[in-house]
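Subject: Structure handover

Hello,

The structure we discussed is below, with the sequence. My notes on it follow, for you to read alongside the model.

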Amino acid sequence: MAVPLTAVRTDRARPYVQVVRTEGDSQKVVHQSVELGIRGQLAGNPSATQDSEQWVAVTGLEEGSTVILGQLGSLREGLVVKPLAAKP
């Protein structure tokens, strides 16, 4: 599994990503520790350039997890969120 490198937080002893997890009737921010692997651009992307976003392989993350991208900054663990539908 891979995530954008910008989604990986390193302000703690172990790297982690922020994910949205359903707990009861609400969705909350959870900080999930991950192990980092190789970095690179997505394979098979013919439009990849030097400026393309870097991705990193991670272990310790459940398949299908909703990962919060790094542009949002650090969100407090346990914060209740309401994800918006993706634009078509």
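Two strands are taken to pair if DSSP finds at least two bridges between them. Strands themselves (E, at least two residues) and helices (H or I, at least four) are DSSP runs, numbered from the N terminus.

The model is predicted, so local features need pLDDT of at least 70 and side-chain atom pairs count only at pLDDT 80 or more, while totals for chains, interfaces and linings use all residues. Residues are numbered from 1 along each chain as its sequence is written, and side-chain values use heavy atoms, with hydrogens and water left out.

Overall content

The protein chain has eight strands and zero helices. Of its 88 residues, 22% count as buried (buried is under 20% relative accessible area, exposed over 50%, partly exposed in between, with a 1.4 Å probe and protein chains only). The accessible surface comes to about 6,200 Å², and carbon and sulfur atoms account for 52% of that surface; the areas come from the Shrake-Rupley method with a 1.4 Å probe, and for residues only the protein chains shown count as cover. Among contacts (heavy atoms within 4.5 Å) between residues at least 6 apart in sequence, 56% join residues at least 24 apart.

Strand pairing

An open sheet of three strands runs in the order β1-β6-β5, and its pairing is antiparallel. β1 (2-4) and β5 are the edge strands with a single partner each, so one side of each has no neighbour in the sheet. From one strand to the next the twist averages 35 degrees (axes are lines fitted to C-alpha atoms, for helices over the stretch in contact, and angles run from 0 to 180 degrees between N-to-C directions). Four bridges link β5 and β6, and Arg39 has Val56 in β6 as its bridge partner.

β3 and β4 (residues 26-33) are also antiparallel, over eight bridges, with Tyr16 partnered by Ser33 in β4. These two strands form a hairpin with two residues between them, and Gly24 in the turn has a positive phi of about 70 degrees. β4 is joined by two bridges to β8 (residues 80-81), again antiparallel; Gln27 stands opposite Val81 in β8.

Nonpolar core

Which residues make up the largest nonpolar core? There are nine: Val3, Val8, Val17, Val19, Val30, Val34, Val56, Val58 and Leu61. The elements giving two or more residues to this core are β3 (16-23) and β6 (55-59). A core here is a set of buried Ala, Val, Leu, Ile, Met, Phe, Trp, Tyr and Cys residues joined through side-chain atoms within 4.5 Å. Apart from neighbours within four places in sequence, Val8 contacts Val3, Pro15, Tyr16, Val17, Leu36 and Val56.

Salt bridges

The structure holds two salt bridges (a side-chain nitrogen of Lys or Arg within 4 Å of a carboxyl oxygen of Asp or Glu). One is between Arg14 and Glu35, with the closest N and O atoms 2.5 Å apart. Arg14 lies in the loop between β2 (8-9) and β3, and Glu35 in β5 (residues 35-40), so the pair ties together parts that are 21 residues apart in sequence. Arg14 is partly exposed at 43% relative accessibility, and Glu35 is partly exposed with a relative accessible area of 43%.

Lys28 and Glu23 form a salt bridge with their closest N and O atoms 3.9 Å apart. Lys28 is partly exposed at 24%, and Glu23 is partly exposed at 38%.

Regards
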